[in-house]
Structure formats: structure tokens, C-alpha cells
Amino acid sequence: MTAIPTPSGADTARPREPWVDRIAARLGGGARGPRTGDLKLAQRNVYILPSRPGMLYATVLAAMLVASINYTLALGFMLTFLLGAVGVVAMFHTFRNLAGLVLRPGRAEPVFAGQPAEFSVLLINPARLERYAIRVHAPGMAQPEVVDVAANSEQLVHVAIPALRRGWMTLPRVKLWTQFPLGLLQAWAYWHPAMRVLVYPTPETPAAPLPELTSIAGEGQGSGRGEDDVAAVRPYRAGDSPRRIAWRAMARTASDELLSKEFEGGERGELWLDWNLLPSYMDAEARVSRLTRWVLDAEASGARWALKLPGQFHELDGGAMHRARCLEALATIAC
């Protein structure tokens, strides 16, 4: 697979990593590789630090304490310790809002390059305590997903990341964090599930006409065109044989739109999609893109087709399973 060059200014334009993430990296949080199975959040993998409002809150408390000591203010001591106790209780609730959750990998359906790849992950709350305002984010997401998880329930979260290149795409490390209830502290955890999704090549646009049909997929004679019984008339599609144009139907309806005849069985014939027969001026990625479009058009038309690629050959077949096999071969071919 040919790598897409990165613009020279991409690294310099990358946003600076938050300070809590830099501290977590020093602590070793999230440094492990992808893992399979569920992950339960507990003391060993949940981190907590004051947020920016929490740092300001602590600074104000320190100033109040110094003033109370300097002027021997009993009410000042009471107010300072009361607000300090509120901060301690908030720390407990912030940590408890995230700890105890069970994270489970879900599914990811194949997409075409240029579309967002959606990874589904499951947040399981086995406790009788409700969880509020949990943010889920992965690199590439436009904004984090914010979810609440009711007691003894599950919440499905979709992590959408742009799929820029064809081939297998792995889910990057996911970060979960919360500042509930007061926003004075932030508790967070990292999770890197072993999930991946297949990214199909981008189909060629506009579409080139399909190659000429070689024969009809029938039970008996192989030299016929299978055009004995007309089943329906439909609008003309690019790649339809001129012999299939329904001139009589057009004359009866007095329509300027081209119409094509659809024959009994719905199969248009057999197509041979060959990498080596494409024009020589097309580079490898352009060939992959055109063959992807032809596979989609062939499956939509009801034809049976064979796909020949460098080092592999997919025999004559049709249907959704054959389409999926051919698209996977085109997505993973090394050019």
C-alpha cells in the first residue's frame, strides 16, 4: 500500500498535549499496547489530579488559611476548613464516578476511505451508583462523546475516526475522563482495545463504464446472451450494452430518457475485471480505485464477475459475499 505523504507543516500544527496527559505519560498511564477482552477501571488504572478551576480553588484556600493565621480569625478557620472538606468530598465522588466501570470492545463495520470509521465500545456499570458526564475521546475525533451510565446498565458509545487510507485501521488509545460533580478535579483512564476495521479503497468518480460482457451465466448454452425473456424496463445505466436499449418502450412513452431492458433472472452476464488490462497510464492506486468501482457496479447490476489482481485471482461468482471478498483483496493489496 502506498503511503500518503504528510504535509510538511502537519507536525507543527498539531495541538499541544494537555498537561494532565503529559503527567500521565510520566506515570506510565496508557503506555501499554492493545489488549483483548474487558477492562475494569480501578485504583491501579484511574488517575486523578486537580483541574484548572481546582488549582484556583486550592490557591484561594491557601490564601484564606494564611489570612486566618495572620489575623487569628476563628470564622476564617471554620470557612477554610469547610471549603477544604468540600474539596476532599468532591475528590472522592470524582474518583468514584469513573472507578468500577467495565469497558468492553464492540464491533466496527467496513467503510470506504474518506468516510468516518465507527468503533462501538460498551461502558458497563455493574454498581447501583449512576455515572454522570463521562467523556470518551480518541485521537482523530472532532469532539469527545459525553455519556451518562445508569445503575446496573450498559451504554453503547460510538468512536468515529476519519479513515484516510485503505487497508486495516486500528483503534487508537481511548481516553475516558470526568470532572463530576464540581469540576475541581479530573479523573481519567486510558484504554487501548485490540480493535480494527477494514477500510475499502475509494471508488473511482466519475465511474468508468464496465467492461463488455463475455457470456451469460446460464444453466445451458454458454454462447447466448440470455435475452429471451424481458422481465422489466429500467432507466439506462452507464455500461449497459446498446443491444439492451428498449427502443420500442421509448417510442411508446415518447420519452427522451434512455431505457434498458431487464431480462429474466436479473443477471446481466459475466465480467472479467483484470488488473493487467487497465490502461498503462494509470498508477497502482488509480487501478485499485477503478476496480473498486467496477466491483460495486457489477454487484449492483446482478452480474457475475471474476477479479484478477497481481498474485491472486478471485473466480467467477456474484453476490454480497463475493463483493466483500473482492473489496478486501483490493483494500489490502500491496502496490
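**Close-up views of a predicted model**

View 1. A polar atom of the Thr94 side chain lies 2.8 Å from the backbone oxygen of Ala90. The model shown here and in the other views is predicted. Thr94 belongs to helix α3, which covers residues 74-98. Is Thr94 buried or exposed? Its relative accessible area is 1%, so Thr94 counts as buried, the cut-off for that class being under 20%. Leaving aside residues up to four places away in sequence, Thr94 touches Ile48, Thr178, Gln179, Phe180, Pro181, Leu185, Gln186 and Ala187.

View 2. Strand β10 runs from residue 174 to 178, and five of its five residues are buried. Val174, Leu176 and Thr178 are on one side of the strand, Lys175 and Trp177 on the other. Both faces are covered.

**View 3. The strands paired with β10.** Strand β6 (residues 131-137) is joined to β10 by three bridges, and the two strands run antiparallel. Across this pairing, Arg135 stands opposite Trp177 in β10. Strand β11 (residues 185-191) is likewise antiparallel to β10, with five bridges between them.

**View 4. The salt bridge between Glu285 and Arg166.** How many salt bridges does a search of the whole structure find? The search gives six, and one of them joins Glu285 to Arg166, with the closest N and O atoms 2.8 Å apart. Glu285 is in helix α5 (residues 284-301), while Arg166 is in the loop between β8 (153-162) and β9 (167-170), so the pair ties together parts that are 119 residues apart in sequence. Glu285 is partly exposed, at 30% relative accessible area. Arg166, at 5% relative accessibility, counts as buried.

**View 5. The salt bridge between Arg290 and Glu204.** In this view the side chains of Arg290 and Glu204 meet in a salt bridge, at 3.0 Å from N to O. Arg290 is in helix α5, and Glu204 is in the loop between β12 (196-200) and β13 (230-235). The pair links distant parts of the chain, 86 residues apart. Both Arg290 and Glu204 are buried.

**View 6. The salt bridge between Glu109 and Arg107.** Glu109 and Arg107 form a salt bridge in which the closest N and O atoms are 2.8 Å apart. Arg107 is exposed, its relative accessible area being 62%.

**View 7. Cys335 in the segment after α6.** Helix α6 spans residues 320-332, and Cys335 lies in the segment after this helix. Cys335 is partly exposed, with a relative accessible area of 37%. How far apart in space are Cys335 and Val288? Their C-alpha atoms are 9.2 Å apart, and the two residues are 47 residues apart in sequence.

Methods. Residues numbered from 1 in each chain as written. Predicted model: local features only at pLDDT ≥ 70, side-chain atom pairs only at ≥ 80, totals over all residues. Heavy atoms only, no water. Salt bridge = Lys/Arg side-chain N within 4 Å of Asp/Glu carboxyl O. Buried < 20%, exposed > 50% of the residue type's maximum accessible area, 1.4 Å probe, protein only. Helix = DSSP H or I, 4+ residues; strand = E, 2+ residues; numbered from the N terminus. Pairing = 2+ DSSP bridges. Polar contact = N/O pair within 3.5 Å; in protein donor to acceptor, adjacent residues only side chain to side chain. Contact = heavy atoms within 4.5 Å.
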